[in-house]
Amino acid sequence: MALEVCVKAAAGAPDVLGDCPFSQRVLLTLEEKKVPYQMHLINTSEKPQWFLEVNPEGKVPVLKFDDKCIPDSDVIVGLIEEKYPNPPLSPPPELASVGSKIFPSFVKFLKSKDPSDGSEQALLDELKALDEHLKEHGPYINGENITAVDLSLAPKLYHLEVALGHFKGWTIPESLTHVHNYMKLLFSRESFEKTKAPKEFVIAGWEPKVNA
Ligand SMILES: N[C@@H](CCC(=O)N[C@@H](CS)C(=O)NCC(=O)O)C(=O)O
């Protein structure tokens with residue numbers, strides 16, 4: 001029996017896969033492991049009653065496994081790894097948090113209305129650290145083979161590129177060549193093409209947060 005996974009539907013388009021990076025991370029994991037799954041698109045601005053009953057916190061993604069509903073992408077990815085160990089995607093523990101500050105730094109910079117608050121520099125510092133890491137250990141975080149760290153970072157880097165490009169006309173400096181190559185590598189994977197949200201929905205998803 002195929003696994004069932006609840007993920008975010010696009011804002012204003014309930015039949016289109018939406019812009020949640022945590023949902024995409026779970027879908028990427030299932031795709032990379034070639035685990036069959038059935039997807040339910042959840043309209044997060046009007047959550048269906050059945051969804052709230054199985055998941056009172058109301059966040060996506062949620063995985064239905066053995067009749068249990070499991071929220072939180074960290075827990076879900078861990079469970080998928082345990083139940084479907086091939087191909088193995090767990091990174092060595094010392095690499096598990098590489099790039100983990102990029103997403104919060106990106107969100108802070110995206111929402112910032114004060115150009116002198118240091119949020120752009122903080123994001124640049126995180127991206128430079130990633131570039132250095134990739135220069136030494138690339139092309140993926142753990143070398144030649146993709147791991148769960150890459151599958152967590154890929155949707156976040158996609159959001160960063162789309163949202164900062166749209167709302168701030170900002171792009172990652174050309175000098176960070178290893179980050180650029182890394183993003184090209186990730187975004188061209190079949191799993192990524194299949195699970196990414198269309199750009200207009202990524203923008204629509206950030207709009208209320210940027211203009212709050
Ligand atoms: N830590 C959670 C975060 C999940 C999350 O924030 N999901 C957002 C969409 S990207 C959500 O469900 N928002 C709807 C809500 O909070 O009501 C995870 O990794 O799964």
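Is Pro 155 buried or exposed? Pro 155 is buried, with 28 other C-beta atoms within 10 Å. A residue counts as buried if 20 or more other C-beta atoms lie within 10 Å of its own, as exposed if 12 or fewer do, and as partly exposed in between; C-beta atoms are placed from the backbone.

## The model

This is a predicted model, in which local features need pLDDT of at least 70 and side-chain atom pairs count only at pLDDT 80 or more, while totals for chains, interfaces and linings use all residues. Residues are numbered from 1 along each chain as its sequence is written.

## Around Pro 155

Pro 155 is found in helix α6. Helices (H or I, at least four residues) and strands (E, at least two) are DSSP runs, numbered from the N terminus. Leaving out residues up to four places away in sequence, Pro 155 touches Pro 21, Gln 24 and Arg 25. Contact here means C-beta atoms, placed from the backbone, within 7 Å. Asp 19 lies 136 residues from Pro 155 along the chain, yet 8.9 Å separate their C-alpha atoms.

## Helix α1

Pro 21, Gln 24 and Arg 25 are among the buried residues of α1. Eleven of its twelve residues are buried, so α1 is largely enclosed by the rest of the structure. Those buried residues pack against β1 (3-10), β3 (37-42), β4 (62-65), α3 (73-83), α6 (148-168) and α8 (190-195).

Helix α1 covers residues 21-32 and should span 16 Å at 1.5 Å a residue; its end C-alpha atoms are 16 Å apart, which agrees. The expected span is 1.5 Å times one less than the number of residues. Just after α1, Lys 34 takes a positive phi of about 55 degrees.

## Two domains

The domain assignment gives domain 1 (3-83) and domain 2 (93-210). Such bounds come from an automatic or database assignment. The domain centres, taken over C-alpha atoms, are 22 Å apart. Their contact takes 17 residues from domain 1 and 19 residues from domain 2. On the domain 1 side, β2 (13-17) and α1 are the elements that give two or more residues. Helix α1 gives the most, with eight residues.

## The ligand shell

Which residues are around the ligand? They are Lys 8, Cys 20, Phe 22, Thr 44, Gly 58, Lys 59, Val 60, Pro 61, Asp 72, Ser 73 and Asp 74. A residue is near a molecule or strand if its C-beta atom, placed from the backbone, lies within 6 Å of it. Phe 22 is also one of the buried residues of α1.

Note on methods
Two residues are in contact if their C-beta atoms, placed from the backbone, lie within 7 Å.
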